[in-house]
Amino acid sequence: MEFLTTHDELRTIYKTPRPTDGSIRKELKVLDGHCRSFIGKSPFVLIGSSDGAGNADVTPKGDKPGFTAILDNATIAIPDRPGNNRLDTLENIIRNPSVGLLFLIPGMNETLRVNGDARITVDPTLRERLAVDGKEPQSVILVTVKAPICTAPRPSCAPICGSRRPGTTARPCQPSARSSATSWRSAKAPARSTASWTTITARPCGRLAGRLNPSSGSPLIEIIAISGSLRAASTNSTLVTALAANAPAGCRVQVYEGLGRLPIFNPDDEGERTPPEAAKLIEMITRADGVIVSCPEYAHGVPGGMKNALDWLVSRDAAVGKPAMLVHASPRSLYARAALAEVMRTMSFAMYEEGTLEIALLGKKPAEVEAILADPANRRAMRGAIEAFVGFIGG
């Protein structure tokens, strides 16, 4: 049996990833909002370490969700409670501070991997902070973060309606599944805007990719909005355009207008043969912090143009863990909503489903549509929906 022993031999089998590839882009320098949220919900972490001679060890640590503490965006504190006193991890850290952490949440197909350098402290203030039922840990492992990476299986490995927060049940994917409460919805102007709350079936894998708002210096959230309709007078297109115009401060919503230019998806045209418009869509989704989709219903299903756009993303990392929200310009699109959500969950989008924006524009004349979207109540509803989605992106 032959073995690979050099870097060059490995790269003859595995392509060198490009800087724009998802596997590279999802590597961060510090803990962003989603990483902090993930760690706060994780009841279990694996600590990989090795001694000076290269002998490796993996130690499990578990407690109530959020048992580890995030001291800042580059430091994690892990309590070491009384155990068998083997001290494998602690002794390894003394000899070699490099560690790898893998945070898990039961029922989720997403993990958080963190590499860094570890130190051991018995600081009394920190031990008191990490006490459980009045019992302090014997010591605390402080990890200085070098590279947090959010990972998930390929879409073909992901459960269809699985990934969910512990303690919740996945929402049925049925056309008739509709909340009895009114969502961020308006039937005609003026209208009320109230929210209905359901479960989240996945958590986002956001990056907040280092873009800064020039006016405030805070992170700028970039959202891509897609209309699933190609009609010139589409109410769905009008709705996403209005969302872009009503985006709150610190958030920019860009409308994707290339749906009609996308060629019909063909797996043979992926990779280096990817058509320019498809490559543009993939890059936009990859770079965005979140995606908003407004889609009509044709024959109880998703229009071909919208499904075609999603098909171009299936084999890429762009959709994996990407926060997504559906908004609606008609109360009648129940079948398309369920079908679209099903497809996007299967692709491992992190679907935001705690509130739904629905503004009834179907059948309205252009002047009526303009008046409805200009109504102050509906503008507040649109801004509120985006703000809630931004909160979901940031964890």
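Is Leu4 buried, partly exposed or exposed? In this predicted model, local features require pLDDT of at least 70 and side-chain atom pairs count only at pLDDT 80 or more, whereas totals for chains, interfaces and linings use all residues. Residues are numbered from 1 along each chain as its sequence is written, and side-chain values use heavy atoms, with hydrogens and water left out.

Leu4, located in the segment before helix 1 (7-11), counts as partly exposed at 47% relative accessibility, where buried means under 20% relative accessible area, exposed over 50% and partly exposed in between (1.4 Å probe, protein chains only). Helices (H or I, at least four residues) and strands (E, at least two) are DSSP runs, numbered from the N terminus.

In helix 4 (residues 88-95), the buried residues are Thr89, Leu90, Asn92 and Ile93. These residues cover an arc of only 165 degrees around the axis, which puts them on the same side of helix 4, the arc being that of the directions from the helix axis to the C-beta atoms. Ile94 and Arg95 are exposed on the other side of helix 4.

The whole structure contains 13 salt bridges, each defined as a side-chain nitrogen of Lys or Arg within 4 Å of a carboxyl oxygen of Asp or Glu. One of them joins the side chains of Glu91 and Arg95 (4.0 Å, N to O), residues that are four apart in helix 4 and therefore separated by about one helical turn. Another is formed by Lys146 with Asp117, whose closest N and O atoms are 3.2 Å apart; Lys146 lies in strand 7 (residues 139-151) and Asp117 in strand 6 (residues 111-121), so the pair ties together parts that are 29 residues apart in sequence.
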